[in-house]
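Please read it with the sequence and the model at hand.

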Amino acid sequence: MKETASDFIAKSSEKADDRDHRQKINFNIGRYNAVVPVGKKQFDNIDFVREKAKNLKWKAIASLDSQLEEFEAAITNRGAKVIWAETAEQAREEILKICHEKNCHSLVKSKSMVTEEIKLNDFLKEHNITSVETDLGEYIQQLDDEPPYHIVTPAMHKSKEDVAKLFSEKLGTEPTLTPEQLTLVARQILREKYLEAEIGITGANFIIADAGAIAVTENEGNARLSCAWPKTHIVVVGIEKVIPSLTDLALFWPLLATYGTGQTITVYNTIVTGPKQPGETDGPEEMYVILLDNGRTNILANEKARESLYCIRCGACLNACPVYKNIGGHAYSTPYSGPIGSVITPHLKDMNEWKHLSYASSLCGNCTEVCAVKINLHELLLENRRESVDEGDASFAERTGWKMWKRAMLNRRTMNMGSSKMKSWVVNNFLKSWKKHHGNIEFPKKSFNQMWREKYGNR
Ligand code: SF4
């Protein structure tokens, strides 16, 4: 077994046994579940909206090259610089180059899963550049030296008491502070960081092709400040985030808000079309947009998996997944967890190393049911499994086991062989890893076939 797979099993087994963890997750997901139906009321026909969003993403991804070039031409016209990064390493090096040019020692960063993907903070730290997370959830995670737990709510696994204790340990505040007081403490510290920062880094929720702009959605105003306050703004964004037109935001913004947090619209929605223009008083003097591939074109080239590029990272599939709710976000050891993470990670990284995530699913289909853009997630998980078998990633023992199972299941005689007691003994003694977490399997005394024959004879 690969180290990534054994690490996943070890971490998920530990979390599945952790009642305190489950209670916190269920509490927070319960709150999410209570508000999403309220947000959905703003749409007359939610299924139609999801279908339309899926079609728009299909259009964007099917013509990704020309959409991105259209974006590049328009934003470059207004003075931004577009950098194409094929790998995480290239993206990091380009950011470092800009930091050196600007003599940057400290930067502010808003929430961005892509920067988690390229491990930007660790890299900057190695080069003596302080990168401060300004989203409250991300700031909490950074203080605790932990990666984000969830793609929308990074500190979802922490209670308000956990956060108060963390602030007290790291910042010396009273351990009894309320969430409002804790927010004010973070706000005060972070405002200072903005004043010191030479560069602001953000992600982007959408790349708008026709307008040559990026759209950022957030609830705290920190991303807007990161875009506008420092003299240099760097955007790091995956190439799949493109949408064809500015007018498409009328659909994607409310959709993302509802499926992400149950809001009708997120508090701050910003469209950035470039650096400060002549005659303007506000905004950064320079703006760079790093368009990151890092495995996305592998997904694009894969006819079946391509659909996963439609994802708008609302996080709904994580909240609906019975596996995620039990093992939590950190067990996956990738920035993208839950069903969508299990679909894309093997393609973004390495199928053989990460195929185990595609098996971390009950295939109940709940993820597909709730997906904002109707991605057939559970079918894509099955596709990954098929692909990994086709690539020869299954072990000899696994292949032989399934071959024997198939042969036995296709033959009535072999199925009828042996008593129920013997069948129970064989299964319970050979499925040792299954039995670690389950009780014994007891075959019924009579099989369906026997009962049928007793009732109707051999017809
Ligand atoms: S796959 Fe669908 S539900 Fe999951 S994060 Fe992406 S858009 Fe949301």
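Predicted model: local features only at pLDDT ≥ 70, side-chain atom pairs only at ≥ 80, totals over all residues.

The numbered points below take up the sheets, a helix, the aromatic contacts and the ligand in turn.

1. An open sheet is built from 6 strands, which follow the order 1-10-7-4-2-3 with parallel pairing. At its edges are strand 1 (81-85) and strand 3 (130-133), each of which pairs on one side only. On average, neighbouring strands of this sheet are turned by 20° against each other, direction ignored.

2. Strand 7 (residues 232-238) and strand 10 (residues 286-292) run parallel and are joined by 7 bridges. One point of reference is I234, whose bridge partner in strand 10 is Y288.

3. Strand 5 (residues 206-208) and strand 6 (residues 213-218) run antiparallel and are joined by 3 bridges. I208 stands opposite A213, while F206 has A215 as its bridge partner. The two strands form a hairpin with 4 residues between them, and G212 in the turn has a positive phi of about 60°.

4. The surroundings of strand 6. Strand 6 also pairs with strand 9, in the antiparallel sense and over 5 bridges; here V216 stands opposite T270. How many residues of strand 6 are buried? The count is 6 of its 6 residues, and the strand is mostly covered. In a regular strand the side chains alternate between the two faces of the sheet. In strand 6, A213, A215 and T217 point one way and I214, V216 and E218 the other way, and all are buried.

5. An enclosed helix. Why is helix 16 (residues 338-348) described as largely enclosed by the rest of the structure? The reason is that 11 of its 11 residues are buried. Among them are the glycines G338 and G341, the prolines P339 and P346, and also H347.

6. Aromatic pairs. A search of the whole structure finds 7 aromatic pairs. In one of these, Y139 and F167, the ring centres are 6.2 Å apart and the planes stand at 85°, so the pair is edge-to-face. This pair links distant parts of the chain, with Y139 in helix 8 (residues 136-143) and F167 in helix 9 (residues 160-171), 28 residues apart. Y139 counts as buried at 6% relative accessibility, and F167 is buried with a relative accessible area of 0%. Elsewhere, F8, Y149, Y324 and Y332 form one aromatic cluster.

7. Charges over rings. The charged end of R92 sits over the ring of F123, 5.6 Å from its centre. The charged end of K349 sits over the ring of W354, 4.5 Å from its centre.

8. The ligand. Which of the 14 residues around the ligand come nearest? They are C311, C314, G315, C317 and C371. By class, the shell around the ligand consists of 12 nonpolar, 1 polar and 1 charged residues.

Note on methods. Residues numbered from 1 in each chain as written. Heavy atoms only, no water. Buried < 20%, exposed > 50% of the residue type's maximum accessible area, 1.4 Å probe, protein only. Near = heavy atom within 4 Å. Nonpolar A, V, L, I, M, F, W, Y, C, P; charged D, E, K, R; others polar. Pairing = 2+ DSSP bridges. Axes fitted to C-alpha atoms, helices over the stretch in contact; angles between N-to-C directions. Phe/Tyr/Trp six-rings, centres within 6.5 Å; stacked < 30°, edge-to-face > 60°. Lys NZ or Arg CZ within 6 Å of the ring centre and 35° of its normal.
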